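Keep the viewer open as you read.

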Amino acid sequence: MNYIKQLYSGRINRKNYALGLLFAIVAFGLLFTILIFWGTFLHGVLTIILYITFITFVFSLHVRQLHDRGDSGWGALFLLIPIFNLVFFALLLFEKGEEKENEFGNIVPRDAKFFDVIFKR
């Protein structure tokens with residue numbers, strides 16, 4: 001549980017945000033494809049677990065990107081509103097974050113490793 005709280009804290013820059021979304025789509029897409037062809041009793045249970053993991057991970061990326069802009073993570077709930085979510089997602093993807101320390105933490109260094117930033121290692 002502590003790892004989940006840690007996953008939603010701090011900041012993430014635009015590059016790592018975009019790469020994190022791409023990583024999530026590819027990785028979870030491959031896992032879903034494997035589950036489709038597996039087709040056993042556990043298929044339904046594993047699919048639910050995978051969906052929850054995917055949603056938790058991607059939502060944490062949105063929250064940390066909002067933190068980078070100096071906004072509250074609760075703003076990620078705007079992504080649940082149809083049509084508006086496309087505009088909001090574009091803002092998250094293209095609007096630059098604050099270039100100074102804010103209440104959510106320090107700036108992510110440019111030379112930070114992708115997986116260290118994404119998985120908060």
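What you see is a predicted model, in which local features need pLDDT of at least 70 and side-chain atom pairs count only at pLDDT 80 or more, while totals for chains, interfaces and linings use all residues. Residues are numbered from 1 along each chain as its sequence is written, and side-chain values use heavy atoms, with hydrogens and water left out.

Now for the overall dimensions. Along the principal axes, the C-alpha atoms of the protein chain fill a box of roughly 50 × 35 × 25 Å. Of the 121 residues in the protein chain, 33% are buried; buried means under 20% relative accessible area, exposed over 50%, and partly exposed in between, using a 1.4 Å probe and protein chains only. Contacts here are heavy atoms within 4.5 Å. Among the contacts in the protein chain that join residues at least 6 apart in sequence, 73% are between residues at least 24 apart.

Let's step inside. A nonpolar core is a set of buried Ala, Val, Leu, Ile, Met, Phe, Trp, Tyr and Cys residues joined through side-chain atoms within 4.5 Å. The largest one has 21 residues, and those touching the most other members are Ile-12, Tyr-17, Phe-28, Phe-57, Leu-61, Leu-92 and Ile-118. Helix 2, helix 3, helix 4 and helix 5 (114-118) each supply at least two residues of this core.

The aromatic rings come next. Rings of Phe, Tyr and Trp (its six-membered ring) pair if their centres lie within 6.5 Å, and planes under 30 degrees apart count as stacked, over 60 as edge-to-face and the rest as tilted. The structure holds eight aromatic pairs. One of them joins Phe-23 and Phe-57 edge-to-face, with 6.4 Å centre to centre and 75° between the planes. This pair links distant parts of the chain, since Phe-23 sits in helix 2 (residues 14-38) and Phe-57 in helix 3, 34 residues apart. Phe-23 counts as partly exposed because its relative accessibility is 28%, whereas Phe-57, at 7%, counts as buried. Phe-84 and Phe-88 form a stacked pair, 6.0 Å centre to centre with 25° between the planes. Why are these two separated by about one helical turn? Phe-84 and Phe-88 are four residues apart in helix 4, so about one helical turn separates them. Ring pairs also link Phe-78, Phe-84 and Phe-88 into a cluster.

Stay with Phe-88 for a moment, in helix 4 (residues 84-94). Its relative accessibility is 9%, so Phe-88 counts as buried, whereas Phe-84, at 38%, counts as partly exposed. Leaving aside neighbours within four places in sequence, Phe-88 is in contact with Leu-66, Gly-75, Ala-76, Phe-78 and Leu-79. The C-alpha atoms of Phe-88 and Ala-76 are separated by 8.8 Å, and the two residues are 12 apart along the chain.

Finally, the pockets. On a 1 Å grid over the protein atoms alone, a pocket is an open set of points where a 1.4 Å probe fits, with protein on both sides within 12 Å along at least five of seven lines; lining residues have an atom within 4 Å of a point. Grid points are joined across faces, edges and corners, and a volume is the space filled by probe spheres set on the points. The largest pocket holds about 340 Å³ of space, and its lining includes Arg-11, Asp-68, Lys-96 and Val-108. The second largest pocket holds about 210 Å³, with Phe-54, Ile-55, His-62 and Phe-89 among its lining residues. Helix 3 gives the most to this second lining, with five residues.
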